[in-house]
Amino acid sequence: MVCDGCCSAPWASPTIGAGLGDGPRVNPLLDRHRQEAAADPGSDRIDASIAGAILTIDIAALRANYRLLRARLDGAACAAVVKADAYGLGADRVCAALRKEGCEAFFVAHLSEALALRRRLDRKASVYVLNGLPPGAEMACAAAEIVPVLNSRQQIDSWRGAAKLSGRSLPAAVQIDTGMARLGLAPEDVAALSEDSRAFAGIDTRLVMSHLARADEPGEPASETQRRTFDRLSAMLPQARRSLANSSGIFLGSAFHYDLARPGAALYGINPVPGRTNPMKPVVTLQARVIQTRSVPAGTGIGYGHTHIAATPMRLATIALGYADGWQRHGRSGAFVQGQRLPFAGSVSMDTTILDITDLPAGMARPGDLVDLIGGHQDVDDVARQLGTIGYEVLTSLGSRFHRVYRDE
Ligand SMILES: *Cc1c(COP(=O)(O)O)cnc(C)c1O
C-alpha cells in the first residue's frame with residue numbers, strides 16, 4: 001500500500017491534532033505528504049492529512065508497465081493512448097513520464113485534447129487525434145502540427161485541401177474499419193481510394209491503422225479476421241507504418257504487433273488479459289477518510305430510502321466519498337481496512353458512503369482514518385466487476401475532487 005498508513009492517524013488523537021495547526025508535527029509520514037505537495041507545483045496543495053479522499057498515482061508503476069509492454073513488442077514501437085486525461089489519471093503527468101521512457105507517439109480522442117497536449121510536448125513527439133478531423137478545424141490542426149486520424153474519404157479530401165492551401169505536405173494517419181463498424185474507411189472506400197492516384201496528394205501518410213473489437217478474448221476468430229482484412233486493405237493504401245494492437249492486442253501475439261502498438265488501459269494497470277493473472281503493475285490507489293462513526297440498534301433504516309435496515313445492532317462508519325467522486329451509486333464493492341472487507345450499508349450518497357464496521361475490532365476505522373477502495377485487496381478490475389462494468393469506466397469516472405498524489409520512486 002502506497003500510503004504506509006501515514007494518513008490513518010486519527011484526527012481525534014491529541015498528538016496528531018496538534019500537527020494540523022502550527023504546532024509540532026509528530027508524524028514523519030504526514031510530513032512526507034506535505035513535502036511532496038510543496039515540492040510539486042502541479043499538485044492541488046490540499047494537505048493530504050485533511051483531504052476527504054486521496055487518489056495516488058504511481059508513476060513508477062506506469063513507467064514499468066510501459067517498459068513491460070514495449071519488451072513484449074520486440075522491435076515494434078509502443079505509443080501511449082492518453083485520451084480522457086490519460087483515463088482519468090492526468091495526461092500531463094502521464095505523458096511527461098512516458099516521454100522520458102522514450103514514447104514518441106501519443107493518441108487522444110478529441111482535437112481539443114490534442115491542442116492542450118501539443119503545448120506540453122516537444123516537437124519530436126507526435127500527437128494523434130483518434131476521432132478524426134472535425135470539419136472546419138483543418139487549418140487549426142495543421143498549424144498546431146497535430147496528426148489527425150483520417151476516418152473517411154471526406155476527411156481525406158479536407159486534409160488534402162488543407163495541404164494545398166498551406167502549400168506544404170501535412171502528416172496524417174489513415175484508419176480502416178476492419179470489422180468494428182465504429183470509425184474508419186470501409187473496404188469499398190479503400191478500394192476507391194486505391195484507384196485515385198491524387199487522393200493522397202500533399203498528405204504525408206505516417207500511419208495506417210485499425211482497431212480490434214474483441215482483442216480481450218484470446219482465440220476469438222474475429223481478431224484473426226480483422227488482422228487479415230487489415231493486411232489486405234492496408235496494402236491498397238500509401239505505404240506507411242502500420243498499427244493494429246491496443247493493450248489486449250499486444251497479448252494476441254507478434255502477428256498483431258505491426259510497427260506500432262497503441263496501449264492505453266494496460267499502462268494504467270487494467271488487466272489486458274481478463275481471466276488470467278494481470279501482468280501489469282497497479283497504478284491507482286484510492287483511499288477515503290472516515291468522517292463519522294456511530295452505533296445503531298436493530299431496525300434502523302440506513303441511508304437514502306432506507307434501502308438497508310439493520311437486522312442486528314450495527315456499527316457504521318461514514319466515509320467522504322460518493323457518486324460525485326465517480327464512485328457509482330449502486331456500487332457494492334465495499335472498502336478495506338487492513339485487509340478486512342467492510343461492506344457498504346445502504347446506497348452511495350453524493351459525497352458520502354456508509355460502511356458496515358460491525359465486525360471490525362473496536363479502535364479501527366475511527367474518524368480520520370483512511371479506508372482503501374482501490375488498491376491492495378481490490379484492484380480496478382475487481383471494483384469494475386462488482387459494478388457490472390469494466391476497469392476503463394471505473395478509472396475514467398473518477399472525479400476531480402480527490403487530493404491527488406503522484407508518486408515516482
Ligand atoms: C482507446 C483506444 C486504444 C487504447 O485501447 P486500450 O484497450 O485502452 O489499450 C487504442 N486504439 C484506439 C483506436 C482506441 O480508441
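**Ligand site and pocket**

A polar side-chain atom of Arg262 lies 3.0 Å from a nitrogen atom of the ligand, which falls under polar contacts, meaning pairs of N or O atoms within 3.5 Å. This is a predicted model, where local features need pLDDT of at least 70, side-chain atom pairs count only at pLDDT 80 or more, and totals for chains, interfaces and linings use all residues. Residues are numbered from 1 along each chain as its sequence is written, and side-chain values use heavy atoms, with hydrogens and water left out.

For Tyr87, a polar side-chain atom is 2.5 Å from an oxygen atom of the ligand. For Arg182, an N or O atom of the side chain is 3.2 Å from an oxygen atom of the ligand. On its own the ligand has 390 Å² of accessible area, and the protein covers 94% of that (Shrake-Rupley, 1.4 Å probe).

Around the ligand there are 14 residues, with Lys83, Tyr87, Ser247, Ala265 and Tyr392 the closest; near means a heavy atom within 4 Å.

Where does the ligand sit? The ligand is in the largest pocket, given that more than half of its atoms must lie within 2 Å of the grid points. A pocket here is an open set of points on a 1 Å grid over the protein atoms alone, with protein on both sides within 12 Å along at least five of seven lines, and lining residues have an atom within 4 Å of a point. The largest pocket has 43 lining residues; Asp216, Asn246, Ala265, Ile390 and Tyr392 lie nearest its centre.

Methods:
A polar contact is a pair of N or O atoms within 3.5 Å; within protein, one must be able to donate a hydrogen and the other to accept it, and residues adjacent in sequence count only if both atoms are side-chain atoms. On a 1 Å grid over the protein atoms alone, a cavity is a set of points where a 1.4 Å probe fits but cannot get out, and a pocket is an open set with protein on both sides within 12 Å along at least five of seven lines; lining residues have an atom within 4 Å of a point.
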